[in-house]
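Have a look at the sequence and the structure first, then read on.

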Amino acid sequence: ELEFEHLEFTQEDGVGIITFNRPDALNALNSELMLEFSLALDLAAASDEVGALILTGAGRAFVAGADINEFRGLGSDPFAGRDAALAGQDVLAGLAAMPVPTIAAINGFAFGGGLEVALACDLRVAAEGARMGLPEVGLGLIPGYGGTQRLPRLIGPSRAMDLIFTGRHVDASEALQLGLVNRVAADALAGARG
């Protein structure tokens, strides 16, 4: 059993649950969390006990995006940003290729890389108070972990361009209307299980 610092991986009744656990940082994705996430996905894929995998977040966020402070630390190295994006793409490609069904239980904010994590899952269940979006455009960036590919496949090119170009946030009911989530529940984790 591996000990993780930034997430929890539990298994019960045939279901693996990965909980992003950096609540003070709204579960923002930094390089350590992404490494742990990749290891947890490998554990889940290798386990005979896991017939489905649910991802959720501790506190009031699912994942509020990439850790901007870490991005700032990349400085002026043009390749550091590219390498970080490619590393994130690799982790989410692993999530998308999981041998069991994957469900994002979007319990709160899912912005940027956090929404991209949810997009790499097979199904998405949002809590009633959840908010989602790809606000990177406000930083002069586009989604770097595969969201520009996965989002149009899910909701269509025009709707995807609206979200990517404007960076606007949508609530759970609009996300359901757009086809961005499959279901809205009072409690995302309970909704993902049932």
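**Overall picture**

Of the chain's 194 residues, 47% count as buried (under 20% relative accessible area, with exposed over 50% and partly exposed in between, using a 1.4 Å probe and protein chains only). This is a predicted model, in which local features need pLDDT of at least 70 and side-chain atom pairs count only at pLDDT 80 or more, while totals for chains, interfaces and linings use all residues. Residues are numbered from 1 along each chain as its sequence is written, and side-chain values use heavy atoms, leaving out hydrogens and water.

**Size and surface**

- The chain has 8 helices and 10 strands (DSSP runs of H or I with at least four residues, and of E with at least two, numbered from the N terminus).
- The chain is as compact as a globular protein of its length, because its radius of gyration is 15 Å, close to the 16 Å from the globule rule for 194 residues (taken over C-alpha atoms; the rule is 2.2 Å times the number of residues to the power 0.38).

**A four-stranded sheet**

- Strands in the order β4-β6-β8-β9 form an open sheet with mixed pairing (two strands pair if DSSP finds at least two bridges between them).
- β4 (61–63) and β9 (169–171) are the edge strands, each with a single partner strand, so one side of each has no neighbour in the sheet.
- β8 (residues 131–133) pairs with β9 in the antiparallel sense over 3 bridges.
- Met-132 has Val-170 in β9 as its bridge partner.
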